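Q: Please take a close look at one part of this structure, the face that one chain turns to the other. Then set that part in the context of the chain it belongs to.

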Amino acid sequence: MIFAIARNELRRIFVSPLAWAVLAVVQLILGFIFINLLIDYARNADVGDQFTGVADYMGGGLYGFATIILLLVMPLLTMRLISEERKSGTLTLLLSSPASLVEIVLGKFLGLVGFMLALIVLLALMPLSLLPGTDLDLGRIAAGLLGLFLMMLAFGAAGLFVSSLTREPTIAAVGGFGLLLLVWLMQILAYQDIPFAEVFGYLSLIGHFDDLRRGIFDTGDVVYYLIFTTFFLWLTVQRLDLERN
Amino acid sequence: MENQILIEARQLSRRYGPTVAVDGLDLTLRQGEILGLLGPNGAGKTTTMKMLAGCLAPSAGSVRINGVDLREEPKAAKRHLGYLPEQPPVYPELTVDEYLSFCAGLHGIARADRAGAVASAKKDCGLTQAGGRLVGNLSKGFQQRVGLAQAIIHRPPVVILDEPTVGLDPIQIREIRTLITQLGQSHSVILSSHILPEIQAVCGRVMIIHRGRSVYNEPVAHDALAAAVTVQLRRAPDAGALLALPGVARVQELGDGRFRLHCAPQADPREAVAEAAARGNWGLVELRAEQKTLEEIFVELTAGDEPRVESPQEKAA
């Protein structure tokens, strides 16, 4: 049942022009960044020493920038997930079907994950195109992609939750973006001289990505993203349950 | 198993903040029955149906579907249920086939059987030609059919339809009605409407809801017992002679040889009146059962401020 919902969600994402527009814009901007980085790297080949290689420079630079674009784009993809169904009345179809709320939320989320995987593939292809000419550190690229994927999971879950709060997709988009940016900016608090500064720093979305981007795989970072995702999915289920009562 | 109870709602209540939308409603649906829910706008029909379909948790009371409690085992209970809300829950960007196939999967139909289920639901709802079209491009009537197909695709014993003919043109209304009547042969149906002839044409039993309470719950009477009989006699005897006839509970003189005889419960005094009139040479010129139409009952029950006062008498009648 989860997969029936997920497949339907994925199909609906891809029949809407929004998804294609998002893919196109993301690809265009990242392509632009990629070429820029490439020219930079070709000009100053001496930045590559024994510590920073082409994978670091190209992959790390590209994926660092990709997080900003994803922050802007993910709320647009998640905004419709529940709010639009509520607006058009199709949510009752799911609620009256023999699928539990957990299955509904997981199904929708999995459909979204399908779209994320498409994005990841596109993001992976760019650095991999350098493979014939350079000695690419695939491990670092993989770590970066894993980081991006985990971050998208977190963005998606938070966006799904915001979408469950309202019946207007645009409000869900604005709210989702605001929420993500806020959690992102918690990093700032880490540099302030206040109590629990480190805790805020730890809670921030961005800090955990930096290690992965640099090729450092820390289980703690992975677990952070997974907990973040699970927490917001759980909140979504709670929100839908509240609506029924 | 002919009269198996498929839906049993007990003391169903639903509050929205201080507003009581449904207040202690009892509802029973047996196999092979088409039950019409009737009520003025805002009477609580939609809320009741949402609760029966499991989209809304009741504030109090319980719902059992095919013997399974909706609160305790929602998944098992909802398997026996098809629900068409007021607004058909369709995705405009999918084709009819894609949409119905998704609904089939959602209701746990195995992948191998889905195509068959989709085809048979389309056939039942007259959608065979429309399979490849986008739902969003269909007319309201056809979208309604898609909604209906969605509700019956898993062949549930119970189908709940919330105002299925709203917004349709007269021909579409007639088609949907025919469809519902056909559905009634193999499914039990609960249908809500505020269109009286529709209920009369389609339903086997009517429940009138007013202010969240059930004020009337009777089979639709095609040859119902009359509540009263009007007679006109040329040579009328005194009222006592009429009162003595079997089945007459009360006699009301209307003047000019006319009487209204209020019937005793479950009695029809017409034959006795005719016989006595012939025997006593009363000169019978008119003998007519006063039958209440659904419309009269509806207006009587829902117009007043105190609907509950009228209902016991109605039931007795």
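A: The contact between the chains takes 24 residues from chain B and 20 residues from chain A, where two residues are in contact if their C-beta atoms, placed from the backbone, lie within 7 Å. This is a predicted model, in which local features need pLDDT of at least 70 and side-chain atom pairs count only at pLDDT 80 or more, while totals for chains, interfaces and linings use all residues. Residues are numbered from 1 along each chain as its sequence is written, and chains are lettered from A and ligands numbered from 1 in the order in which they are written.

On the side of chain B that touches chain A, the elements giving two or more residues are helix H2 (74-78), strand E6 (81-84) and helix H3 (96-106) of chain B. Helices (H or I, at least four residues) and strands (E, at least two) are DSSP runs, numbered from the N terminus. H3(B) gives the most to this side, with 4 residues. By type, the residues on the side of chain B divide into 13 nonpolar, 6 polar and 5 charged. Here Ala, Val, Leu, Ile, Met, Phe, Trp, Tyr, Cys and Pro count as nonpolar, Asp, Glu, Lys and Arg as charged, and the others, Gly among them, as polar.

Now the chain that carries this face. Chain B has 11 helices and 14 strands, and its C-alpha trace spans about 75 × 45 × 35 Å along its principal axes. Of the 317 residues in chain B, 42% are buried, that is, have 20 or more other C-beta atoms within 10 Å of their own C-beta atom, with C-beta atoms placed from the backbone. Among contacts in chain B between residues at least 6 apart in sequence, 67% join residues at least 24 apart.

Chain B also holds an open sheet of 4 antiparallel strands in the order E12-E13-E11-E14; strands pair if DSSP finds at least two bridges between them. Strand E12 (248-255) and strand E14 (284-290) of chain B are its edges, each pairing on one side only. Neighbouring strands of the sheet are turned by 20 degrees against each other on average, direction ignored. Inside the sheet, 5 bridges join E11 (residues 228-233) of chain B to E13 (residues 258-263) of chain B, and Ala228(B) stands opposite His262(B) in E13(B). Helix H9 (residues 270-280) of chain B packs on the sheet, touching E11 and E14 of chain B, and its direction makes about 170 degrees with that of E14(B). Axes are lines fitted to C-alpha atoms, for helices over the stretch in contact, and angles run from 0 to 180 degrees between N-to-C directions.

Technical notes: Buried ≥ 20, exposed ≤ 12 C-beta atoms within 10 Å, placed from the backbone.
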